[in-house]
Amino acid sequence: MSVSTIPVICYYNGQIVRTKTDVEYEGSETCIAPLKIPIECTFQQLIDMIYSKTTIDKRRFKLVLTCKYPLRNGNRFQPFPVRDDGNVREMLDLVTTTTIEEIELYVKAVRVKAQLNQSVGGHEDLFVRDHYNVAQSVYGCGPSTGAVPNTGLYGDDDDSADEEVLENEQGIYVSVQAPSCDISNHPYDEALDESSPGNYRLPPTPQFEHVENLDIVVASCWTPWVQHTTGCSSGEFVIGQVFNSKYDLQEAVKIYSVTAHDEYVIVASSKKLLVLRCKKAEECHCPWKLHAMVVKDTSLFAINKYTGPHTCVNPCLNRDHHQLDSNLVASHIKALIKAQFTLSTAAIQASVMEKWGYQISYKKALDGKHKAIRQLFGDFFQSYTELSRLFLAIEQSNPGSIVIWKTLEINTPNTEIFQRVFWSFKPSIEGFQHCRPVISIDGTHLYGKYKGKLLIAMGCDGNNQLFPLAFAITEGENTNSWGWFLACIRNSVTQRMGICVISDRHPGIMAAMSDPHLGWATPSAYHRICMRHFASNFMTRFKDNILKNLVCRAALASTERKINKHMNTIGRINPEALQWLEAVPLQLWALSHDGGRRYGLMTTNISEVFNSVLKGARSLPVTALVQLTFFRLNGYFVARRELGANRLASDEQFTPYVDAQIQSRVVKAGPMEIVLYDHVQGLFHVKSRRGRTHRLNLHEKKCTCGKTLIYGFPCSHMIAACQHRCVDFRLFVENYYTTQSYYDT
């Protein structure tokens, strides 16, 4: 009796996990959908059935299908991509040709590219290729003739110091609510080869479709050559088989040869012809030969003569394979590079060994990696040529975005050498008006072919999440580059007075912040030092963990009484350490003397977190790096606007962060004892559960604990006093924390 339908179990909302012998589908939210697939089902019909049986949104996601495919040599399975009608037929044939009773089909939902081209989060349609049809800018000459020297001054910034959470102070660490990138941060060991300037190509925009999935390591999609690279179930090529191009044919033959552990030589090769024969044809009289020609008036290549399979044998085990060249390695690792930009050479060697069983050389793995990066993201030299056109497209499609160039003139007419570029997107500029007046600045290395620094300025929104404000690519970190970066922010991004700038003690930053001509000197702005870097500097000088912990406690203390206690302890242990601390003004590093400028933000974590998001892209061409900043910001604005709109619709007055803080303080305020000291002046004495009494003034919104001033919303003592007098304590929450302000960012 003939079979009319095939049982298929469709798995989704999980991920493929591949072992040496099996393929599984795992995930805490994995769902299944049993299907009955007609034996004559097409690929599109299968897609439509999956959409109808699952919760996947057809408008927002496209489907990538992979089935669990049995291998002939033992009880082993491998993932088999299902991409067309032929793949569907091969999949359904498993029930009739093997012992499998039902087919396991794994579904990956990939966000469609169209979503990035919609006007979302204040960003309009940008990365459409027509936007690049603009006049060539004079800045498109690329970098200088040599690699830019790394002239950054590290000062006393020591990132190796341990971070310790010393007090449960509110607002010290900033939540991100963004995907983390599990990417190692190692620079290239060797520079990339510079390709010919004539090999001109557009910036590789399509490769950043799904930047929100960068942290998901792409599962191996290795497919047995027996079913994938050829058109015959025996694993051999067949006469009449057609390939999209000569390159596709060559790659298929390479995979065939590497998998079968046989080698070939090229007899003839031209634009219209490819003739191959076995490398051991004369030695072993192997008859294997392939003859292919271009299909007339097309770019297709068709096999018109073929003799196979190989009859030769290898006299010994080979460590490498002649056809396993860097081009094939590049094709193999493209998906891995997209998921992990800084994939190590050793990992590439291991991946090739796992797939084909050959130990390729370090140089071949590195060459393959460099070729994969160029194919995915363009050439490093050409990226500087494209950079000006990319920014011009940003300015044209997003009016109000700021791009500022600094170039070096040379004797060649209409040509300048790139030195620096600053950019800030319009939604960032407008949204920062509704954020707290605090920014964190930091610099980080670029690890591509041309060294340099990426400078970042980050704000913090009302939900205590990072708010990307401005970026710059410069030749290094020095007084001149930091002064230029801060001047660009002050002149073109924000003129708000009283902004607090948190940074490390880099000499360039210290000089720029004290320069009255740049607009960042007090009282136009207030400079504060990152507690973590300050403690690292202290540790470098005194090398004492106990003293370092006391310094952090002193920095986090909210009252003068607490900081004096810690400073006295430090002085008793090491008087020289106390002198070192007293030489630095307390308002720069101590929360108790800050005056509420920091809003409780003690470190540069908000900028360093975004650095970690970009750390893989810092090894890519600069156009790819700039595009990633665009897409990351776009994702932030979309998610936060949706959250803000939902909370506005629910009549939620404050952001989730402040709601949680206030709720915990309301609970803490419950058992406190209230004494009205002066009704007219609004003075209270509030006694906590520990017996400590705090004095507060409701009219001036001050409490001796200092936390209302520090964070911008009421402390537990003030909430207790408000409840005692039936006063609405929500009046003491600053406007930056309201849902409306959060939505407006």
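Analyst: Of the 745 residues in the chain of this predicted model, 53% count as buried. The secondary structure comes to 24 helices and 23 strands. Among contacts in the chain with a separation of 6 or more, 69% are accounted for by residues 24 or more positions apart.

Now for the close look. Please find S558, in the loop between α15 (545-556) and α16 (560-573). Is S558 buried or exposed? S558 counts as buried because its relative accessibility is 7%, and the cut-off for buried is under 20%. Which residues surround this serine? Leaving aside neighbours within four places in sequence, S558 is in contact with S592, C705, G706, K707 and I710. One of these, C705, also has a polar atom to look at: the backbone oxygen of C705 lies 3.2 Å from a polar atom of the S558 side chain.

From that loop, let's move to a pair of helices. Helix α8 (residues 345-356) packs with helix α9 (residues 362-377) at an angle of about 100°, and their axes are 9 Å apart. That angle makes α8 roughly perpendicular to α9, because angles of 65 to 115 degrees are counted that way. On the α8 side, the contact is made by T345, I348 and Q349, while α9 brings Y362, A365, L366 and K369. Sorted by class, the contact of α8 with α9 has four nonpolar residues, two polar ones and one charged one.

Last, a look at some cysteines. A disulfide is a covalent bond between the sulfur atoms of two cysteines. How many disulfides does a search of the whole structure find? The search finds zero. C286 is in no disulfide, and the nearest cysteine sulfur to it, that of C278, is 3.6 Å away. C312 is in no disulfide either; for C312 the nearest cysteine sulfur is that of C278, 3.6 Å away. How accessible are these two cysteines? C286 counts as buried because its relative accessibility is 6%, and C312 counts as buried because its value is 9%.

To return to where we began, S558 is a buried residue in the loop between α15 and α16, and its contacts include C705 and I710.

Definitions and conventions: Residues numbered from 1 in each chain as written. Predicted model: local features only at pLDDT ≥ 70, side-chain atom pairs only at ≥ 80, totals over all residues. Heavy atoms only, no water. Disulfide = S-S within 2.5 Å. Buried < 20%, exposed > 50% of the residue type's maximum accessible area, 1.4 Å probe, protein only. Axes fitted to C-alpha atoms, helices over the stretch in contact; angles between N-to-C directions. Helix = DSSP H or I, 4+ residues; strand = E, 2+ residues; numbered from the N terminus. Parallel < 35°, antiparallel > 145°, perpendicular 65-115°, else oblique. Contact = heavy atoms within 4.5 Å. Nonpolar A, V, L, I, M, F, W, Y, C, P; charged D, E, K, R; others polar. Polar contact = N/O pair within 3.5 Å; in protein donor to acceptor, adjacent residues only side chain to side chain.
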